[in-house]
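Subject: Structure handover

Hello,

Here is the structure for your files. My notes on the helix packing and the sheet follow below.

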Amino acid sequence: MDIRRVDTRPMDTKTLRVLFVVDAIKGRNGVGAYFQDLVSHLESQVERVELVQPCLQDPHPCQGASMPIPGDPTQRLFFPKVRELSALVWEMKPHVIVIPGPGIFSMIGYWIARKWGIPVCVTFQTDYNRLVELYWGRRLAKWAGGFLNWVNRTLFQGSETAATICESMIAQARAAGARNPQLVGTPLAREFVQTPVSPLAENVSRVCYVGRLAAEKNIESFLELAATRPDLQFEVAGDGPLRGKVEEACKRHGNLTLLGWCSRQQVVELIDRSEVLVLPSAVEAFGTVALEAMARQRLVITTPACGINEWPGVARGLWVMEQGESLAATLDRLIALAAPQRFAKAVDAREAALTMNSDAIGHWGAVLAHCAAMKPMGANLPSPTLALLRRLSSHHV
């Protein structure tokens, strides 16, 4: 099959066929939820869109065996069924394949696209250098970061487009060899947009955290905040390698509750019964949960490390920690506002979130149409390699 395109004019979005090949487990982290939500919106915007992504509850036909990720029993590394994935590509004949590299699913999708002359859009949503420093230490991080950067450069240089979710990552992508980096917004799940909004309470009494319980999220600062404010109720929704630390804190502090992993509807309910959501991350390329809380017309505290702050239209609805300021001091500043001021901030937040949600779909449509019209670089994956990958996939059936 060869579906190379030589026309550089953008395609009509309505005629597009788009395939997303994603490693992140559906609904288990920010990246996984991002593509799940994006695909649900694109279904009415393009001719056909398919999402190949591991799922714990309803396994995808292209999903093979898995193994636990060392150090995090809540996450698993899945292997794709290459034969099924290549058959889907053959049947679908997508104009664009979108991958958030690096990952096993993503790399297989990339190789198939290169073999068959399909334009590739790579997304850049994670600062891998900062993550490996947190988990591996400086010595090992230099080696691991170098390897991940090499993989990223390979994907960027062999792809037609790179899509990033904040301005600061545009420069990183370009430096890594991305030929056509594009800034795209973040879509929201329908539950956060369409569920009727409950009014913000006049007084702040409940604060929540939603996300992975992992080092990069700086969950310890949220636990410290709960310890210093026994007059407020704190709830944590999520799972991850630091779950034990959260459970221990819950035993010590009666105002702190761990809910564990929650469904989308449960997250909506949690945010709605809170006045403030805190995103205390030390590393956060965007911070979708902050946008979700804004859509529910709630107050949101973010750290300077969160990429969502870089969007001026959205930042007006955020309460950003100042450099060197403690989370407790930031919360005190927010509580010190008069009730009408907090309400106005929450209203601005919802309007900003809904605008980004609407604009994000348009952004993605334009990027995909432009990518589809680009001529792919020459295929460099030999047929024997693809045949070997297909044979190997039989071991993961």
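In this predicted model, helix α7 (residues 219-228) packs on helix α12 (residues 327-336) with the axes 9 Å apart and at an angle of about 60°. Axes are lines fitted to C-alpha atoms, for helices over the stretch in contact, and angles run from 0 to 180 degrees between N-to-C directions. Helices (H or I, at least four residues) and strands (E, at least two) are DSSP runs, numbered from the N terminus. The angle makes α7 oblique to α12 (under 35 degrees is roughly parallel, over 145 roughly antiparallel, 65 to 115 roughly perpendicular, the rest oblique).

On the α7 side, S221, F222, L225 and T228 meet L327, A328 and L331 of α12 (contact means heavy atoms within 4.5 Å). Five of the contact residues are nonpolar, two are polar and none is charged (Ala, Val, Leu, Ile, Met, Phe, Trp, Tyr, Cys and Pro count as nonpolar, Asp, Glu, Lys and Arg as charged, the others, Gly among them, as polar).

The six strands of an open sheet pair in parallel, in the order β2-β1-β5-β6-β7-β8 (pairing needs at least two DSSP bridges between two strands). β2 (48-52) and β8 (181-183) are the edge strands, each with a single partner, so one side of each has no neighbour in the sheet. The twist from one strand to the next averages 25°. Strand β1 (residues 17-21) is joined to β2 by five bridges, and R17 stands opposite R48. Helix α2 (residues 82-92) lies across β1, β2 and β5 (96-99), at about 175° to β2.

Residues are numbered from 1 along each chain as its sequence is written, and side-chain values use heavy atoms, without hydrogens and water. Local features need pLDDT of at least 70 and side-chain atom pairs count only at pLDDT 80 or more, while totals for chains, interfaces and linings use all residues.

Regards
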